[in-house]
Amino acid sequence: DFIPAVGGKDQKLGVVIGDVSGHGISSALLMATVRSALRQRAFHPGSAAQIIFDVNRQIVQDTEPSCDFVTLLFLIIDTASKELTWVQAGHDPAILYDPASDTFEELGGSGMVLGVDGTYIYEEQKGAMLSRGRVILLGTDGVWEAPDVKGNRFGKEAVYEAVRRHHQRSANEILDRILSAQVAFQGSAKREDDATLVIIKTLQ
């Protein structure tokens, strides 16, 4: 999801990706609840860590009986300062590609999944000043863990290679190239999990 004006500040754009335990209607309802709670909370003042803390505290009230949980990565892009701030809640790190140095950096951190402990204190990470042409990738493990007919996994290296090869294209085109490569790799193999991907590219 994309959340404009985080904290009521127009220059701050929120980007969030998550993955719910289980499948079916109950999981879809939980994700909808998390999305609604995050959108409502993110508009009000507070750090990224405070926002996720408040959302988690609310979600725990629904998940304690069922033991369901949600992994989440919440990223805030300050379009004025070009600074990134993010909170990890048990989700795979975002990936930052810098074509100038041809290097990949994982925007890592540690944090508990949402829905387990309403008192857990989240930490936020800062850094990775953006410059023209850099690519940020957020995804779910259904992308790199996609299997072929022999059980081999698509893997993050294949994702990296697709980003490196197509980084000069638009964000939508980069996304299409990654998912097309994944589909070609899988062939006739059965898809086991959702594959969700967000690509952000700096143009200035």
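The model is predicted: local features need pLDDT of at least 70, side-chain atom pairs count only at pLDDT 80 or more, and totals for chains, interfaces and linings use all residues. Residues are numbered from 1 along each chain as its sequence is written, and side-chain values use heavy atoms, with hydrogens and water left out.

**Aromatic rings**

- The whole structure has four aromatic pairs, where rings of Phe, Tyr and Trp (its six-membered ring) pair if their centres lie within 6.5 Å.
- Tyr-120 and Tyr-122 pair edge-to-face, at 4.8 Å centre to centre and 75° between the planes; planes under 30 degrees apart count as stacked, over 60 as edge-to-face and the rest as tilted.
- Tyr-120 is partly exposed because its relative accessibility is 24%, whereas Tyr-122, at 4%, is buried.
- Buried means under 20% relative accessible area, exposed over 50%, and partly exposed in between (1.4 Å probe, protein chains only).
- Tyr-97, Phe-104 and Tyr-160 make up one aromatic cluster.
- Lys-156 lies over the face of Trp-144, 4.8 Å from the ring centre; the rule is NZ of Lys or CZ of Arg within 6 Å of the ring centre and within 35 degrees of the ring normal.

**Helix H2**

- Helices (H or I, at least four residues) and strands (E, at least two) are DSSP runs, numbered from the N terminus.
- Helix H2 (residues 48-63) has 16 residues and should span 22 Å at 1.5 Å a residue, which agrees with its end C-alpha atoms being 22 Å apart.
- The expected span is 1.5 Å times one less than the number of residues.
- Buried residues of H2 include Ile-52, Phe-53, Asn-56 and Val-60.
- The buried residues of H2 pack against helix H1 (25-42) and strands E3 (70-78), E4 (84-89) and E7 (124-127).

**Asp-98**

- Asp-98 lies in strand E5 (residues 94-98).
- Asp-98 counts as buried because its relative accessible area is 13%.
- Beyond its neighbours within four places in sequence, Asp-98 is in contact with Thr-103 and Arg-134; contact means heavy atoms within 4.5 Å.

**Pocket and cavity**

- On a 1 Å grid over the protein atoms alone, a cavity is a set of points where a 1.4 Å probe fits but cannot get out, and a pocket is an open set with protein on both sides within 12 Å along at least five of seven lines; lining residues have an atom within 4 Å of a point.
- The largest pocket is lined by 14 residues, with Asp-19, Val-20, Gly-22, Asp-193 and Asp-194 nearest its centre.
- Strand E2 (12-20) and H1 each give two or more residues to that lining.
- The lining of the largest cavity includes Tyr-97, Phe-104 and Tyr-160.
- E8 supplies the largest share of the cavity lining, three residues.
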